Amino acid sequence: MTLQTSSRPSAGLVSLVIFFHLSALFTTVFSFTPAIATRTKLPSLLAKPNSEADTSTDNQSRRDVLQKSLTFGSLLTATLVLPVPILSSAAAWNGKSRTQGYAIQHTEAEWSELLSSTQYSILRDGGTESPKSSILEGEERAGKYACAGCGTPLFDANQKFHSGTGWPSFAKPLMSTSNPSVSNVEMEEMSKIQFQLAGAEVRCQSCGGHLGDVFADGFLFPGTPAFVSGKRYCIDGAALVFAPKEQKVNADGELEIVRGDLPPPKNGGSPAFADGIRPIAR
């Protein structure tokens with residue numbers, strides 16, 4: 001959706017525009033998206049028997065990373081230079097189904113069979129993993145990152161960078177091969193001021209699975225692809241699988257696909273192979 005916005009205000013309207021944006025700022029900060037604050041927490045890091053550990057957080061906590069990283073000066077600058085948003089559809093997104101309208105669909109029972117408990121909690125319930133809990137956060141090889149639910153290619157490794165947040169971070173997503181004008185990653189619809197202040201949820205364009213959040217703070221990471229794109233896609237590793245460009249073959253003759261729902265290897269251990277993941281388009 002393209003937001004309709006007014007042009008940059010003239011000198012005579014500057015004070016009115018500033019007042020409007022400051023009002024929007026306080027409204028956004030103190031009453032922004034109640035549904036976000038109540039998103040489901042992960043029951044555990046991995047689907048392991050007899051595991052009682054709760055290593056989850058929620059999306060509001062992750063979005064706080066952006067809130068804390070931005071200075072008052074940058075917020076004020078964004079307020080002054082952004083055009084006035086006329087329409088916001090954030091409320092409609094908050095109630096949007098993760099199934100209806102998406103090309104790939106399964107019943108919840110089928111998703112439960114296809115995904116691990118961690119993958120299900122993130123992709124289907126909108127949960128968020130703890131920072132530094134995914135093997136993919138430290139992955140540095142060339143390759144592609146795909147949706148763990150449906151195998152849709154989402155990010156190229158050349159757009160990955162280390163943000164220091166503890167979650168895999170990317171500058172921009174891959175575009176659809178059938179329609180190059182459409183991204184494989186769907187972004188929550190909201191006004192520009194809301195996005196600048198608090199980020200937006202992102203989902204897999206094919207199956208509707210929750211992936212994480214995108215923030216407009218790429219300028220904070222000079223020397224990375226995010227500095228060029230202006231955005232930071234903060235993605236749950238468990239929502240992804242990674243196919244290295246130079247894939248290895250395991251003992252069963254399967255190509256190497258690294259599951260993001262597994263923790264970083266200890267003592268330089270080898271990454272795990274995924275089971276039941278659809279082929280990733282090369």
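These points go through the fold, the core and a few surface sites of a predicted model.

1. Overall make-up. The protein has nine helices and 10 strands. Buried residues account for 49% of its 282 residues. Take the contacts between residues at least 6 apart in sequence: 66% of them join residues at least 24 apart. The accessible surface is about 13,700 Å², and carbon and sulfur atoms hold 57% of that.

2. Strand β9. Start with residues 240–244. Five of the five are buried, so β9 is largely enclosed by the rest of the structure. Buried here means under 20% relative accessible area. Which way do the side chains point? Leu 240, Phe 242 and Pro 244 point one way, while Val 241 and Ala 243 point the other way. Both sets are buried.

3. Partners of β9. Strand β1 (residues 143–147) runs antiparallel to β9 and is joined to it by five bridges. In this pairing Ala 146 stands opposite Val 241. Strand β10 (residues 258–259) is also antiparallel to β9, with two bridges. There, Phe 242 faces Val 258 as its opposite residue.

4. The β1–β2 hairpin. β1 pairs with β2 as well, in the antiparallel sense, over three bridges. Lys 144 stands opposite Asp 156 of β2. Five residues lie between the two strands of the hairpin. In this hairpin, check Gly 151: its phi is positive, near 85 degrees.

5. The six-stranded sheet. An open sheet has the strand order β3-β4-β8-β7-β6-β5, and its pairing is antiparallel. β3 (160–161) and β5 (185–187) are at the edges with a single partner strand each, so one side of each lacks a neighbour in the sheet. Within the sheet, four bridges join β7 and β8 in the antiparallel sense. Val 214 stands opposite Tyr 233 of β8.

6. The nonpolar core. The largest nonpolar core has 35 residues. Which members touch the most others? They are Tyr 145, Leu 154, Phe 155, Leu 211, Tyr 233 and Ile 235. Several elements each supply at least two residues of this core: α7 (117–123), β1, β2 (153–156), β6 (200–204), β7 (210–215), β8 (232–235) and β9.

7. Phe 155 in detail. Set aside its neighbours within four places in sequence. Phe 155 then contacts Gly 143, Lys 144 and Tyr 145, among others.

8. A nonpolar surface patch. Phe 219, Leu 220 and Phe 227 form a nonpolar patch on the surface. Together they have about 270 Å² of accessible area. Leu 220 lies in the loop between β7 and α9 (225–229). Its relative accessibility is 33%, so Leu 220 counts as partly exposed.

9. Glu 189. Where is Glu 189 found? This residue sits in the loop between β5 and α8 (192–198). Glu 189 has 32% relative accessibility and therefore counts as partly exposed. Along the chain, Glu 189 and Ala 200 are 11 residues apart. Their C-alpha atoms are separated by 7.7 Å.

Technical notes:
Residues numbered from 1 in each chain as written. Predicted model: local features only at pLDDT ≥ 70, side-chain atom pairs only at ≥ 80, totals over all residues. Heavy atoms only, no water. Buried < 20%, exposed > 50% of the residue type's maximum accessible area, 1.4 Å probe, protein only. Pairing = 2+ DSSP bridges. Core = buried A, V, L, I, M, F, W, Y, C linked by side-chain atoms within 4.5 Å. Contact = heavy atoms within 4.5 Å. Patch = residues over 30% accessible without salt bridge, like charges linked within 9 Å, V, L, I, M, F, W, Y side chains within 5 Å. Areas by Shrake-Rupley, 256 points an atom, 1.4 Å probe, with all protein chains shown as cover. Salt bridge = Lys/Arg side-chain N within 4 Å of Asp/Glu carboxyl O.
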